[in-house]
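Work through the exercises below with the structure open. Try each task before you read its solution.

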Amino acid sequence: MSANYDKLEYATYLLKHEQKQNRGEKCKDSERLKTYRAEWMFQRQIQDVEFADLKEAQKFAKKIYKSKTWQKLWKESVENNVAKLFDSNPQVVAMSKRNKKLSGFTNGRTVTLAESGLNRYTLLHELTHCLGHMHHGRSFRQTLLKMVGVFMGAEEKKILKNEFKRKGLACGNARKALSYHKWIESRDRMEALREKTALAKEQAERKAYDAIIQPCE
C-alpha cells in the first residue's frame, strides 16, 4: 500500500515538475505578463524596424519562411505536433481598426497585426507562437531568442535575454526530474527536516510559556 502511494506521489511530482519547466504549455499561461513586461523594456532599448505597410510585413515574413532557421524550427514543431505539418507559412493579415488594445495576435496559423504592430519584433513574437508555442513559457522564450538573434541581431538577442533574466524568466534548458529513488530520498529528507523544525518550535514555545507561568510559592 505504501509503495503504491509513493508511486502515486512520484507521478504527481513528475506532472508538476513538467509544468514548472514550461509554464503555459499544459497549464495556465502564468508567465505571460512577466514576458510582456520584459519585452516592453526591451523595445525601449532598441531601434526596431518599422514596416511601411502590411505588404512589407508579408514580404519579410516570406523571407523568414525561406530561411534555414525557420525551416529547422518548423520541423521541430512538427515533431512535437504533426498537425503543424500544414502550417509552415502562416498568413499575415491586418487587424480591424476597431481593435485598439492589441498590436498583434495569432491562432497558430494566421498572424494578425494592428498598425501599431507593423514592426519586426511584433511579427517575430507572433510567428514564434506559430512554431508550436501558443503560450509564453520557457520554450516560447528560447525560440523567440533564436528568432531575434537571426532576424534582428546578436545585440538585440542579448538585450532581450537580459530583460527576461531581470524578470526571473528562465530561458535555459529545462531541469531534469529526479529519479524515483532520488525523489524518495529528497522527500524523506525534507519530511525529517520539517519534523525537526516543528519540534524545535514546539520546545521554544513551551520554554517561553514556562518562563511566563511561574509556579506559586
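**Exercise 1. Find the residues that join H6 to H7, then describe the packing.**

Solution. Step 1: list the contact. Arg-141, Leu-144, Leu-145, Val-148 and Gly-149 of H6 meet Ala-154, Glu-156, Lys-157, Leu-160, Lys-161 and Phe-164 of H7. Contact means heavy atoms within 4.5 Å.

Step 1: sort by class. This contact of H6 with H7 holds six nonpolar, one polar and four charged residues. Ala, Val, Leu, Ile, Met, Phe, Trp, Tyr, Cys and Pro count as nonpolar; Asp, Glu, Lys and Arg count as charged; the others, Gly among them, count as polar.

Step 2: look at the axes. Helix H6 covers residues 138-151, and its axis comes within 7 Å of that of H7, crossing at roughly 155°. H6 is therefore roughly antiparallel to H7. Angles under 35 degrees count as roughly parallel, over 145 as roughly antiparallel, 65 to 115 as roughly perpendicular and the rest as oblique. Axes are lines fitted to C-alpha atoms, for helices over the stretch in contact, and angles run from 0 to 180 degrees between N-to-C directions.

A note on the source: this is a predicted model, where local features need pLDDT of at least 70, side-chain atom pairs count only at pLDDT 80 or more, and totals for chains, interfaces and linings use all residues. Residues are numbered from 1 along each chain as its sequence is written, and side-chain values use heavy atoms, with hydrogens and water left out.

**Exercise 2. Describe how H2 packs on H7.**

Solution. Step 1: take the geometry. H2 (residues 32-45) and H7 (residues 154-166) pack at about 140°, with axes 9 Å apart. That angle makes H2 oblique to H7.

Step 1: H2 and H7 cross in a right-handed way. A crossing is left-handed if the near helix is turned anticlockwise from the far one by less than a right angle, and right-handed if clockwise.

Step 2: name the residues. H2 supplies Thr-35, Ala-38, Glu-39, Met-41, Phe-42 and Gln-45, while H7 supplies Glu-156, Ile-159, Leu-160, Glu-163 and Phe-164. The classes for H2 with H7 are six nonpolar, two polar and three charged residues.

Step 3: check Trp-40. Trp-40 is in helix H2. Its relative accessible area is 47%, so Trp-40 is partly exposed. Buried means under 20% relative accessible area, exposed over 50%, partly exposed in between (1.4 Å probe, protein chains only). The C-alpha atoms of Trp-40 and Leu-160 are 9.8 Å apart, although 120 residues separate them along the chain.

**Exercise 3. Describe the packing of H3 and H5.**

Solution. Step 1: take the geometry. Helix H3 (residues 54-65) and helix H5 (residues 120-130) pack at about 50°, with axes 11 Å apart. H3 is therefore oblique to H5. Their crossing is right-handed.

Step 1: name the residues. From H3 come Ala-57, Phe-60, Ala-61, Ile-64 and Tyr-65; from H5 come Arg-120, Leu-123, Leu-124 and Leu-127. The contact of H3 with H5 has eight nonpolar, no polar and one charged residues.

**Exercise 4. Is Thr-112 buried or exposed?**

Solution. Thr-112 sits in strand S3 (residues 110-113).

Step 1: apply the cut-off. Thr-112 has 9% relative accessibility, so Thr-112 counts as buried.

Step 2: list its partners. Not counting residues up to four places away in sequence, Thr-112 touches Val-93, Ala-94, Met-95, Ser-103, Gly-104 and Phe-105.

**Exercise 5. How many helices and strands does the chain have?**

Solution. Step 1: count. The chain has eight helices and three strands. Helices (H or I, at least four residues) and strands (E, at least two) are DSSP runs, numbered from the N terminus.

Step 1: read the order. Along the sequence the pattern is α-α-α-α-β-β-β-α-α-α-α.

Step 2: Buried residues make up 36% of the 217 residues.
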